[in-house]
Amino acid sequence: MARPRKKRNKEIFALGNEAVVEGALLAGCTFYGGYPITPSSEIMEIMAQRLPLIPNGSFVQMEDEIAGLGSVIGASLAGRKAMTATSGPGFSLMQEHLGYGCITETPLVIVNVMRGGPSTGLPTSPAQGDVQQARWGTHGDHSIIVLSASNVQECLDNTIEAFNLAEKYRTPVILLIDEITAHTREKIIIPNPDEFEVFNRIVPTMPPEWYKPYEETVRGVPPMPSIGSGYRFHVTGLTHDTNGFPTSRPDEVRELNERLFRKIDQFLHDVQLVDEVDTEDADVVVIAYGTVARSAELAVKQARDLGVKAGLLKLSTLFPYPRKATERVMAKAHTLVVPEMNMGQMSREVKRVNNGQVSVRTINKVDGQIITPAEILKVLTRV
Amino acid sequence: MVDMKGTQLIHEYLRHNKKFPHVFCAGCGHGIVLGSLIRAIHGLGLSKDEVCVVAGIGCSGRLAAYVDFNTVHTTHGRALTFATGIKMAKPGMHVIVVMGDGDSMAIGGNHLIHAARRNIGVTALILNNNIYGMTGGQCSPTTPSGSFSMTTPMGQMEQSFDCVELCSAAKANYVARGTVFHVKKLDQMIMDGISNPGFGVVEILTPCHTQYGRKNKYRTPVDMYKMLKKDVIDIERYNKLSEAEKAKKTPSGVFVQKDEPGLEEKFYEMAANCQGGA
């Protein structure tokens, strides 16, 4: 995990899905709306138990995923930190509302526990097939933040991170995990509240009549009041001017769209989280995320034992794609290896950054099984 | 607030920084609904900050932008889902949803019946003009059998939804039907819908002469208002008619009125019990 932390105390034995709930509650989530779907259902079930126990917590089981994300956006506009969780088919249904969240700059967190696809696919088998859907699933040009987690502790840590980034940049944040991480039970450490940062959205302080809901600021992120707080403004999925009213004036349209990109792109150092293992002198670097990164970590160690100078670049942020980190490892390495449980959705990004400079090897597996350390080791010892 | 009437009252609630004129055609009933909504909110003595107007897509969806409340213009058909989140997050808020007939009963049909079943404390105003207006006059789920539209050039062959029956069967707390011709009654229905607990539905028959009228022998807006005047009658009078006469008329009035607590009330009561018992 990119953010270092000091002392930790409470230890629990938890599922990845449970750790997501713990992380969300630590980050201040008080609203969950959604529709159950395996392999993400435990997140919803545990939320149903936990949220009534906290002040202002509320939970609603909606009639489908479209409604689930709609309710999350509504709750977030009303001032709550809100989330939903789903899996592939449900995530597809949410795409229109995801775009609505982007253009209205509504902070929210969507956890997608990926399962095999396309369509109903493999309900409880792992896959990483929703990577490009997370990036480009909704229509129109948009910037988006997509995180990942490779073990149960990271499910907790990165859920907190997802809420923080959502609030800081007023944007939907997607956490992609796969079925193995979601259903693995491991010991995790629950940090004390003073050991991690919790970011809350910035609320306006000016008199309501001065407030312009979509006005440019230094960070590009306008302050956000909640519905009912005295700041009455219009929220719309239509392209809007700084007052929030629909517009098609080219200068206003351009300004909004460019700001939506800029507000995230000028803070890439804050958004792009990666971990590196043995990359300083590595000739061959594995770029991996999710459960596959765990296989890769073992494979890199075994390769080192065999005398291969291997390293691992583990991506916690998938989008915006960590270009700087990739270029850094490429400066030394002659080969990049990208194993993933799809036909090459992330290796496209790696190849785009690499642009033919070094050799890129992909390992792709779409049979509902994890990529094992041995499979990665085999490639590492041959390049 | 001081006693105000007519346009003076309406202007008090319009947004002065919004670019007017509005998008509605001359003769459209949507402006009348907006007037009714404003009079109802004013009549109930609610402050602007207590009211959230959520709208869907289409002509009716544009209504929210003009009024000085907390307003949310959502995606097509999903206004009720946003409203559910807002109401759960802010149970003290009066959340009013404005939808068209396509919005509420076609793409959003599932959300409508579930909002009713869930009995979330939201008031839904369904502006039924029997046609898709903004997209150019295609048939909607309430286009009467036999009538014409851009996508039913030979006449609608499907049956149409009866919004009142649909919402009553789905167990909404308050179900009423009014028209933009009978404005006084409409004001009262919207007031009752807002003050009633749980999910309230007011179906409002409003003419679209631009898209529906011109294809169905109502050449002017006046023809359409005359039709509302003639064909829509009180439920008491309607019930006394013979079956043959009933077929030509549409009943209006309050069809369901219950005072079951809304979902948000029940949830927070349960949560208070959980937190007290912990």
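**Exercise 1.** How many bridges join strand β1 to strand β3 of chain B, and do they run parallel or antiparallel?

*Solution.* This is a predicted model, in which local features need pLDDT of at least 70, side-chain atom pairs count only at pLDDT 80 or more, and totals for chains, interfaces and linings use all residues. Residues are numbered from 1 along each chain as its sequence is written, chains are lettered from A and ligands numbered from 1 in the order in which they are written, and side-chain values use heavy atoms, leaving out hydrogens and water.

Step 1: take the strands as DSSP runs (E, at least two residues; helices are H or I, at least four), numbered from the N terminus. Two strands pair if DSSP finds at least two bridges between them.

Step 2: β1 (residues 51-55) and β3 (residues 94-100) of chain B share 5 bridges and run parallel. Across this pair, B:Val54 stands opposite B:Val97.

**Exercise 2.** Which residues have the most contacts inside the largest nonpolar core?

*Solution.* Step 1: such a core joins buried (under 20% relative accessible area, 1.4 Å probe, protein chains only) Ala, Val, Leu, Ile, Met, Phe, Trp, Tyr and Cys residues through side-chain atoms within 4.5 Å.

Step 1: among its 132 residues, they are A:Met47, A:Met83, A:Val111, B:Val54 and B:Phe199. Helix α7 (residues 152-169) of chain A gives the most, with 9 residues.

Notes:
Buried < 20%, exposed > 50% of the residue type's maximum accessible area, 1.4 Å probe, protein only.
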